[in-house]
Amino acid sequence: MRDLTGQVVAITGASAGIGEASARALVAKGAKVVLGARRIERLEQIVEHLDGSALAVEMDVRKPEDSQRLVAAAIDTFGQLDALVANAGIGAYGGIMDLSDEKLAEMMDINVAGTVWPIRAAVPHFLEKGEGDIVIVSSVAGLRGAGDEAVYAATKFAQVGLAGGLDRELRSKNIRVSTICPGGTDTEFAMGWGRTPDMEGLDAMMRPKNIADAVVTILSQPKSMRTLIWSMRSIDEQD
Ligand SMILES: NC(=O)c1ccc[n+]([C@@H]2O[C@H](COP(=O)([O-])OP(=O)(O)OC[C@H]3O[C@@H](n4cnc5c(N)ncnc54)[C@H](OP(=O)(O)O)[C@@H]3O)[C@@H](O)[C@H]2O)c1
């Protein structure tokens, strides 16, 4: 496995859940992390406990210029960028007519455009460097539809399609593009939008650390190979 010591990784959606856990897991392996999200106070609290190995950047993945700032902050502070984890995303459950136009537009913008902009900010730097890693956190919903999350699933299929195209476009340039498709994970995801903190089944879900460990494993693989799709579920999840 590759040693991640000194590697610089930018993570979107790092103020909670899978992104936060990925930051902690990467720093434990010696990496430096640049954490992006809207809630800067939460990012700063996380950074405080990561011993100078982390930087907080207030950003909204819906704005291309914010992704440019995330990448620039990594290079200005740590001198390089080795990997991007495009993780930021939101979920809201309901049938096709159940959610407002505004909520669906927000979900499509954050999950789809909000994956494209950070990648477009990072790729020129990876091309210049001659290598790089992109890890997209999609979902099991990006592999099959589900009756109460059709639009969410569409956004997650979009990420899988994006990754497939980018792998073909960029692997000859030594840029690896990997997608993780987790099943249910106990985070703040969809809270108030189909999940509640006291709902049944949360305990049986995966923990954010499980997905973070997959991020670490993907980045630690030798550069002679690439991980395309890592589909993962709790032992209790049906399919
Ligand atoms: N939890 C699950 O069951 C599950 C399963 C499969 C896939 N996923 C995927 O995993 C990813 C992470 O979700 P999670 O479970 O860790 O949920 P979470 O705990 O709710 O965390 C979501 C993160 O995304 C950030 N975010 C949301 N909108 C953003 C925006 N416009 N700009 C920047 N950051 C934004 C949030 O930060 P701010 O609010 O501070 O901006 C937060 O840090 C998502 O892409 C989700 O679709 C989750």
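**Close-up 1. Where helix α1 meets helix α6.** In this predicted model, G17, I18, A21, S22, R24, A25 and L26 of α1 meet P208, K209, I211, A212, D213, V215 and V216 of α6; two residues are in contact if their C-beta atoms, placed from the backbone, lie within 7 Å. Local features shown here need pLDDT of at least 70 and side-chain atom pairs count only at pLDDT 80 or more, while totals for chains, interfaces and linings use all residues. Residues are numbered from 1 along each chain as its sequence is written. By class, the contact of α1 with α6 has 9 nonpolar, 2 polar and 3 charged residues (Ala, Val, Leu, Ile, Met, Phe, Trp, Tyr, Cys and Pro count as nonpolar, Asp, Glu, Lys and Arg as charged, and the others, Gly among them, as polar). The axes of α1 and α6 (residues 208-220) come within 8 Å and cross at roughly 55°, which makes α1 oblique to α6. Angles under 35 degrees count as roughly parallel, over 145 as roughly antiparallel, 65 to 115 as roughly perpendicular and the rest as oblique. Axes are lines fitted to C-alpha atoms, for helices over the stretch in contact, with angles running from 0 to 180 degrees between N-to-C directions. α1 passes α6 in a right-handed crossing; a crossing is right-handed if the near helix is turned clockwise from the far one by less than a right angle, and left-handed if anticlockwise.

Close-up 2. An open sheet is formed by 7 strands in the order β3-β2-β1-β4-β5-β6-β7, with parallel pairing. Helices (H or I, at least four residues) and strands (E, at least two) are DSSP runs, numbered from the N terminus, and two strands pair if DSSP finds at least two bridges between them. At the edges are β3 (54-58) and β7 (229-232), each pairing on one side only. From one strand to the next, the twist averages 15°. Strand β6 (residues 175-182) pairs with β7 over 4 bridges, and C181 has S231 of β7 as its bridge partner. α1 packs on the sheet, touching β1, β2, β3, β4 and β5, and its direction makes about 170° with that of β1.

**Close-up 3. Around the ligand.** Which residues come nearest to the ligand? Of the 31 residues around the ligand, they are G13, G17, R38, R39 and G89; a residue is near a molecule if its C-beta atom, placed from the backbone, lies within 6 Å of it. Two or more residues of the shell come from each of α1 (17-28) and α4, with α1 giving the largest share, 3 residues. The shell divides into 13 nonpolar, 13 polar and 5 charged residues.

**Close-up 4. Helix α4 beside helix α5.** The axes of α4 (residues 101-129) and α5 (residues 150-170) come within 10 Å and cross at roughly 10°, so α4 is roughly parallel to α5. The contact involves residues of α4 including L104, M107 and M108, and residues of α5 including V151, Y152 and L162. By class, this contact has 9 nonpolar, 4 polar and 1 charged residues.

**Close-up 5. Helix α3 against helix α4.** α3 (residues 64-78) and α4 pack at an angle of about 40°, with their axes 8 Å apart, which makes α3 oblique to α4. Their crossing is right-handed. P64, S67, Q68, L70, V71 and I75 of α3 meet W117, P118, R120, A121, A122 and H125 of α4.
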